[in-house]
Amino acid sequence: MTQRRYLQLDVFADRPGAGNPLAVVLDAEGLDDRDMQAIARWTRLPETTFVFPPTQPGASYRIRMFSPRREVPFAGHPSVGTACVVLEAGLAAPVDGRLVQEGVAGLLPLAVDGEGEQRTIAVRTPRARVVEVADARDPRLTDTLRNLPLGALPPALMDGGRRWWLAELRDEAALRAATPDWAAIGRLAEATESMGLCAFARADAGCDYDLVVRAFVGAPAQFEDAASGAANATLAAWLNHNGALPGHDGRYTVSQGREVGFDARLQLRVDGDGEVWSGGRVSNVVRGHIDWR
């Protein structure tokens, strides 16, 4: 079989064009690593996922994720988007409101709430840890943080499957107006084996979100992420570590992507066990087939 079901969607979005794009290939059996990497390179989207039958007890389905350059062990928006596609295709059904994703990162539960266009899905992300807390005058950081008015929390390097440097800025206006130094962010990412810099600020009063996030990827490519579930989950763990969560009862909403032409909303939750759930809504854009010979 060369023809496989293929979908493109916007994740963390209530409408097409607002969230982070994702391609999903169903019926992926028979594709090898080279095929999957080639398809991901062809789609030219941030990630492309491939869905297989599960191999572990308790798993709802198995997933592999590829960026145009390499396989990705875990990312938030591919997990959330793929779960939505699996549900709509009838490949799995929630058990007590949960799906279980099998992947490189292990078995990860996803919480499913609601139906249809109002459905929200959240993945329990790999537990993040503090690698180091740094001073803004650290020589590794000075070029990246120059001209960025910092907030209360110190810069920190967190590892949640992917490493991110986190930096709080003074306010929403400062973050939205920030111009990244891409050369400095690239050097920082390579020197610390991290994704780059995830900058954040508290939202202005009266917004429909609690936090603003901008995620600047420094390596291997350099770009601003439209909406990153994994980066936001790592940030949620850092905020929880400092007793600095916004919102109420461990729940809050993030605005991300406006500066690069998107308008995503991510729903974050830190539960009583300190586990971070990253999710939101999904908007389907393309439904069809891919014929990959």
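**Cavities, pockets, cysteines and a helix**

Colleague: How many cavities of 30 Å³ or more does the count come to?

Modeller: On a 1 Å grid over the protein atoms alone, a cavity is a set of points where a 1.4 Å probe fits but cannot get out. Points are joined across faces, edges and corners, and a volume is the space filled by probe spheres set on them. By this rule, the cavities of 30 Å³ or more come to three.

Colleague: What kind of model is this?

Modeller: Residues are numbered from 1 along each chain as its sequence is written, and side-chain values use heavy atoms, without hydrogens and water. Local features need pLDDT of at least 70, side-chain atom pairs count only at pLDDT 80 or more, and totals for chains, interfaces and linings use all residues, as this is a predicted model.

Colleague: Which strand gives the most to the lining of the largest cavity?

Modeller: That cavity has a volume of about 50 Å³, and its lining (residues with an atom within 4 Å of a point) includes Ile63, Arg64, Met65 and Leu108. Strands here are DSSP runs of E, at least two residues long, and helices are runs of H or I, at least four, numbered from the N terminus. β4 (61–66) and β6 (98–103) each supply at least two residues. The one that gives the most, with three residues, is β4.

Colleague: Which residues lie nearest the centre of the largest pocket?

Modeller: A pocket is an open set of points with protein on both sides within 12 Å along at least five of seven lines. The largest has a volume of about 530 Å³, and β2 (20–25), α2 (76–89), β14 (223–225) and α6 (229–241) each supply at least two residues of its lining. Among the 31 lining residues, those nearest the centre are Pro46, Glu47, Ser67, Pro68 and Phe223.

Colleague: Which element gives the most to the lining of the second largest pocket?

Modeller: About 450 Å³ of space lies in this pocket. Of its 23 lining residues, Thr120, Ile121, Gln267, Gly279 and Gly280 are closest to the centre. Elements giving two or more residues include β8 (120–124), β16 (264–270) and β17 (276–280). With five residues, the element that gives the most is β16.

Colleague: How many disulfides does the structure hold?

Modeller: A disulfide is a pair of cysteine sulfur atoms within 2.5 Å. The sulfur of Cys207 is 18 Å from the closest cysteine sulfur, that of Cys198, so the pair is too far apart for a bond. The number of disulfides is therefore zero.

Colleague: Is Cys198 buried or exposed?

Modeller: Buried means under 20% relative accessible area, exposed over 50%, and partly exposed in between, with a 1.4 Å probe and protein chains only. Cys207, with 30%, is partly exposed. Cys198 has a relative accessible area of 0%, so Cys198 is buried.

Colleague: Which residue just after α1 takes a positive phi?

Modeller: In helix α1 (residues 33–43), Met36, Gln37, Ala38, Ile39, Ala40 and Thr43 are buried. At the start of α1, a side-chain oxygen of Asp32 reaches to within 3.2 Å of the backbone nitrogen of Arg34. Just after the helix, the residue with a positive phi, about 60°, is Arg44.

Note on methods:
A polar contact is a pair of N or O atoms within 3.5 Å; within protein, one must be able to donate a hydrogen and the other to accept it, and residues adjacent in sequence count only if both atoms are side-chain atoms.
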